[in-house]
Amino acid sequence: MKLLIVDEDQHFCGILASVLGNEGHEVVAVADARSAAIQATALSPQVVLVSAELRSPGGGMEVMRSLRRLPAAASATGIVMTNFADERLRRACDETATAHVLVRPFSVLDLAGLVRSLDVGDFSPAEEAPVAGSRGRMRPGSTPTARPYPSPSGGAPSRPRRTSRCPADCLPG
């Protein structure tokens with residue numbers, strides 16, 4: 001599976017690229033909106049993982065919107081990684097047809113399991129996505145979760161639209 005990761009944390013990008021690459025996925029990790037657009041066009045990813053807290057204008061959700069406008073990434077399954085989830089983020093995920101939200105801290109192994117569980121050829125909503133436990137970076141008082149946002153009716157999530165390659169500046173030093 002082809003994955004595009006957009007996150008400014010270079011160390012984290014390197015870890016994700018390594019773990020997902022070892023599972024046989026082709027992974028490209030970038031740190032900004034411009035690089036994301038260039039790499040999405042070149043890669044035609046099946047999955048796009050974006051940090052909601054990017055310091056790009058409009059943040060990570062604007063990056064996701066921009067990627068959705070590119071034919072090469074318009075049908076990719078969207079996954080947003082965030083430090084906190086609220087109603088505003090839920091609405092943005094609905095607007096960008098983002099299928100899953102991972103609330104930090106989450107286990108990279110659980111993310112790998114989520115990616116494994118995706119059927120990128122099937123655009124029907126999943127019954128339920130795996131829930132991630134955490135063995136990653138913990139913050140006091142945080143609750144680790146990974147879940148799709150449910151539809152407003154409380155049913156299935158909103159309908160998703162649907163060797164590791166990492167730039168040198170994205171690998172851990």
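Helices (H or I, at least four residues) and strands (E, at least two) are taken here as DSSP runs, numbered from the N terminus. Keep that in mind as you click along. This is a predicted model, in which local features need pLDDT of at least 70 and side-chain atom pairs count only at pLDDT 80 or more, while totals for chains, interfaces and linings use all residues. Residues are numbered from 1 along each chain as its sequence is written, and side-chain values use heavy atoms, leaving out hydrogens and water.

**Stop 1: helix α4**

Select D94 and R90. Being four residues apart in helix α4, they are separated by about one helical turn. An α-helix has 3.6 residues a turn, so residues three or four places apart point the same way. The side chains of D94 and R90 meet in a salt bridge at 2.4 Å, N to O; the term stands for a side-chain nitrogen of Lys or Arg within 4 Å of a carboxyl oxygen of Asp or Glu. D94 is partly exposed, with a relative accessible area of 29%, whereas R90 is buried at 18%. (Buried is under 20% relative accessible area, exposed over 50%, and partly exposed in between, with a 1.4 Å probe and protein chains only.)

Now show the whole of α4, residues 87-95, and colour its buried residues: L89, R90, A92 and C93. They cover an arc of only 165 degrees around the axis, which puts them on the same side of α4; the arc is that of the directions from the helix axis to the C-beta atoms. What do these buried residues pack against? Display α3 (59-68), β4 (77-82) and β5, and you have the partners. Contact here means heavy atoms within 4.5 Å. Turn to the other side of α4 to find R88 and E95, which are exposed. Following α4 comes A97, whose phi is positive, near 55 degrees.

**Stop 2: along helix α3**

Next, pick R65 and E62, both in helix α3 and three residues apart, about one turn of the helix. Their side chains meet in a salt bridge of 3.5 Å, N to O. R65 counts as partly exposed at 24% relative accessibility, and E62 is partly exposed at 26%.

**Stop 3: R104 and its surroundings**

Another salt bridge joins the side chains of E53 and R104 (3.2 Å, N to O). E53 lies in the loop between β3 and α3 and R104 in the loop between β5 and α5, so the pair ties together parts that are 51 residues apart in sequence.

S51 is buried at 4% relative accessibility. Leaving aside residues up to four places away in sequence, S51 touches V6, D7, G60, M81 and R104.

**Stop 4: the aromatic pair**

Finish with F12 and F106. Searching the whole structure gives one aromatic pair. The ring centres of F12 and F106 are 6.0 Å apart and the planes stand at 75 degrees, so the pair is edge-to-face. (Rings of Phe, Tyr and Trp, the last by its six-membered ring, pair if their centres lie within 6.5 Å; planes under 30 degrees apart count as stacked, over 60 as edge-to-face and the rest as tilted.) F12 sits in helix α1 (residues 10-22) and F106 in the loop between β5 (98-103) and α5 (108-117), so the pair links distant parts of the chain, 94 residues apart. Both F12 and F106 are buried.
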